[in-house]
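Trainee: I am new to this structure and would like to understand its charged contacts. Could you walk me through them?

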Amino acid sequence: MRAERAYLRVLEGGCSIPVFALAAKGNNGLKLKGGIVSLDGQKRIFFEVEGAVTDPEGLGEKLAEKVFQAGGKEILEKIKSNLNQ
């Protein structure tokens, strides 16, 4: 789904980056759940956002921003640092 792809694109998710997202249509629009987990599994950030079905990319970007603001940016930087060693 486009909302999930937008979220993963912003967080640079891939095979070696433990980020996750799941979108589903609800009665009031689109619901997107997702987050990131540290490599050691000790830190996990998870959020759920809702928005219009007509703007799935915006919803994915909104979720990514929430994850970043809650410490996801630091987790992502550590993961990238470990991958580059």
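**Charged pairs and strands**

Mentor: Let us start with Lys80, which is partly exposed at a relative accessible area of 31%. Here buried means under 20% relative accessible area, exposed over 50%, and partly exposed in between (1.4 Å probe, protein chains only). This is a predicted model, where local features need pLDDT of at least 70 and side-chain atom pairs count only at pLDDT 80 or more, while totals for chains, interfaces and linings use all residues. Residues are numbered from 1 along each chain as its sequence is written, and side-chain values use heavy atoms, with hydrogens and water left out.

Trainee: Which side chain meets Lys80 in a salt bridge?

Mentor: A salt bridge is a side-chain nitrogen of Lys or Arg within 4 Å of a carboxyl oxygen of Asp or Glu. For Lys80 the N to O distance is 2.4 Å, and the partner is Glu12. That pair links distant parts of the chain, 68 residues apart: Lys80 is in helix H2, and Glu12 is in the loop between H1 and strand S1 (19–26). Helices (H or I, at least four residues) and strands (E, at least two) are DSSP runs, numbered from the N terminus. So the partner of Lys80 is Glu12.

Trainee: How many salt bridges does the rule give?

Mentor: Side chains of opposite charge can pair when their charged atoms come close. Counting by the distance rule, the total is 4.

Trainee: How far apart in sequence are the parts that Glu57 and Arg2 tie together?

Mentor: The side chains of Glu57 and Arg2 meet in a salt bridge, 2.7 Å from N to O. Glu57 belongs to helix H2 (residues 56–83) and Arg2 to helix H1 (residues 2–10), so the parts they tie together are separated in sequence by 55 residues.

Trainee: Is Glu48 buried or partly exposed?

Mentor: Glu48 forms a salt bridge with Lys31, their closest N and O atoms being 3.7 Å apart. Lys31 lies in strand S2 (residues 29–37) and Glu48 in strand S3 (residues 44–51), so this pair ties together parts 17 residues apart in sequence. Lys31 has a relative accessible area of 31%. With 36% relative accessibility, Glu48 is partly exposed.
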